Amino acid sequence: MVPDPSPVDAVPDRPGAQHASLGDAVRGAPSPSADPDEATGAGNYFVANYPPFSFWQREQAGRVESVLEGPRGEADLGVYFHIPFCRKRCHFCYFRVYTDRNAAEINGYLQAGLREFRLYAGKTYLAGRKPKFVYFGGGTPSYLSVAQLTELTTGMRDLFPWDEAEEVAFEAEPGTLTEKKLEAIRNLGITRLSLGVENFDDHILELNGRAHRSKELHRAIAVAKELAFPQINIDLIAGMVDETEENWKRCVEQAIAYQPESVTIYQMEVPYNTTIYQEMKAAGQLTAPVAGWATKRQWVSYAFDAFEAAGYTVTSATTVVKDPAKTKFVYRDSLWAGADLLSAGVASFGHFAGMHYQNNADIGPYMMALDEGKLPVYRAYQTNADERLLREFILRLKLGRVTASYYLAKYGVDPRERFAQPLAYLQSEGFLSLAGDEISLSREGLLQVDRLLHEFFLPQHRHARYT
Ligand code: SF4
């Protein structure tokens, strides 16, 4: 069952808290309170896919090839490339990143990525299909040099031309962006530049292990604006180590002042494979040194209100957009509607015709597979029709609103009947309302949607460790 949401946070704010190091902050974290569900403990909170990754199996990896050798797919296609290099590992990071690779090693990795794309281009399932969206994620795509970016994208475009793509998104760490590099990125045809700002305060950036400082991010935003990217997105995280309410409000004000086309706001989670968790374990702490979930929800709610007052629209649990008619998140919306995703690079996740797959998570075996001319798929999961409906229902619920007619037309299933029990429960708790065709989350529901989504999971997928 969903724990009772308390309006009072279990972990009090620590206004003015200024810890000298992450270790100090961890040791100063409050003990778990009477309501441990509200304190931030270790573990993944966000639901990024369904069924949970822990159910994907090594034994099913070979089945991806059978899909790829089948008839040409009809779904929308996206292309993703994972660039696992960063200047420094952030203390809250749980991705596979490498901070010690030299230019020759990075070039080798990019060549392996292009070999992977070449293998895909030869598959009948993908033959002649052009991507509707392209995404460069990481890690830090902007860590690559202009020459590396040019070589990578030229090779990718030869195999999967982007001329019909509605969106080409690129994640950037502000400290890696020189004027010259930003100009080159703009010239690659990037439509959304996603700037990993996270916070505008130098103390918070430093304590959380971010590589950049406020001076670099102010400069990067200013240059990106001059270059007139079609969409500049600012990423913020509510509740980083040592965050206070005053600091959060200043961050929101500064983000509004820059008038980006969109802002993504995440609530801080502390997965097991983070430096913060390692410090917690060493100190015997169960509670992370960050605000509790109720406080983070309050902060995001404050941000939503402030952005709305400034003319923005809340378009999902994590996004606000200046002009929803113009600014879209094609990658997210297509994936959540069941698009195919050709995902290349170490540890990346993809999806073909209901078959989920993930690549090898270590760069050595990933590159070795490609050296041998094999796809580096490590594990996979073949969904059934009910799991696909469920996936599409829960992920789209993160937009705040879905219609029953969409699922009736696509799956011949009325979600109001299929999910009658969890819907009634969430309605009785005030998280959700049903009005005719529409199923909508309340603001309170939207702010904690990832926690609520477990109500819809099949019994065998509940309480899965979300890694
Ligand atoms: S920049 Fe992103 S991917 Fe790189 S270490 Fe930090 S959180 Fe992880």
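**The ligand and its surroundings**

Reply: Happy to. The residues around the ligand are Cys86, Arg89, Cys90, Cys93, Phe95, Val97, Gly138, Gly139, Thr140, Glu173 and Gly196. Sorted by class, this shell holds five nonpolar, four polar and two charged residues. Please keep in mind that you are looking at a predicted model.

Now let's step back to the domains. The domain assignment places domain 1 at residues 53-334 and domain 2 at residues 385-467. Their C-alpha centres are 26 Å apart. Where the two domains touch, domain 1 contributes nine residues and domain 2 contributes 13 residues. On the domain 1 side of that contact, four residues are nonpolar, four are polar and one is charged.

The largest nonpolar core counts 132 residues, and Leu193, Leu195, Leu236, Phe393 and Ile394 have the most contacts inside it. Helix H13, covering residues 385-397, gives the most to this core, with six residues. Both domain 1 and domain 2 supply at least three residues each to the core. As a general point, nonpolar side chains in soluble globular proteins tend to be buried together. If you zoom in on Ile394, you will find that, beyond residues up to four places away in sequence, it touches Val47, Tyr50, Leu453 and Phe456.

Another residue that deserves a look is Tyr378, which sits in strand E12 (residues 377-382). Tyr378 counts as buried because it has 20 C-beta neighbours inside 10 Å, and 20 or more is what the buried class requires. Setting aside neighbours within four places in sequence, its contacts are Arg58, Ala61, Gln358, Asn359, Asn360 and Ala361. Of these, take Ala61: Tyr378 and Ala61 are 317 residues apart in sequence, yet their C-alpha atoms are 5.9 Å apart in space.

Counting contacts between residues at least 6 apart in sequence, 78% join residues at least 24 apart. Buried residues account for 48% of the 467 residues. The secondary structure amounts to 18 helices and 15 strands. Along its principal axes, the C-alpha trace spans about 55 × 55 × 45 Å.

Notes: Residues are numbered from 1 along each chain as its sequence is written. This is a predicted model: local features need pLDDT of at least 70, side-chain atom pairs count only at pLDDT 80 or more; totals for chains, interfaces and linings use all residues. Domain bounds come from an automatic or database domain assignment. Two residues are in contact if their C-beta atoms, placed from the backbone, lie within 7 Å. Ala, Val, Leu, Ile, Met, Phe, Trp, Tyr, Cys and Pro count as nonpolar, Asp, Glu, Lys and Arg as charged, and the others, Gly among them, as polar. A residue is near a molecule or strand if its C-beta atom, placed from the backbone, lies within 6 Å of it. Helices (H or I, at least four residues) and strands (E, at least two) are DSSP runs, numbered from the N terminus. A residue is buried if 20 or more other C-beta atoms lie within 10 Å of its own, exposed if 12 or fewer, and partly exposed in between; C-beta atoms are placed from the backbone. A nonpolar core is a set of buried Ala, Val, Leu, Ile, Met, Phe, Trp, Tyr and Cys residues joined through C-beta atoms within 7 Å.
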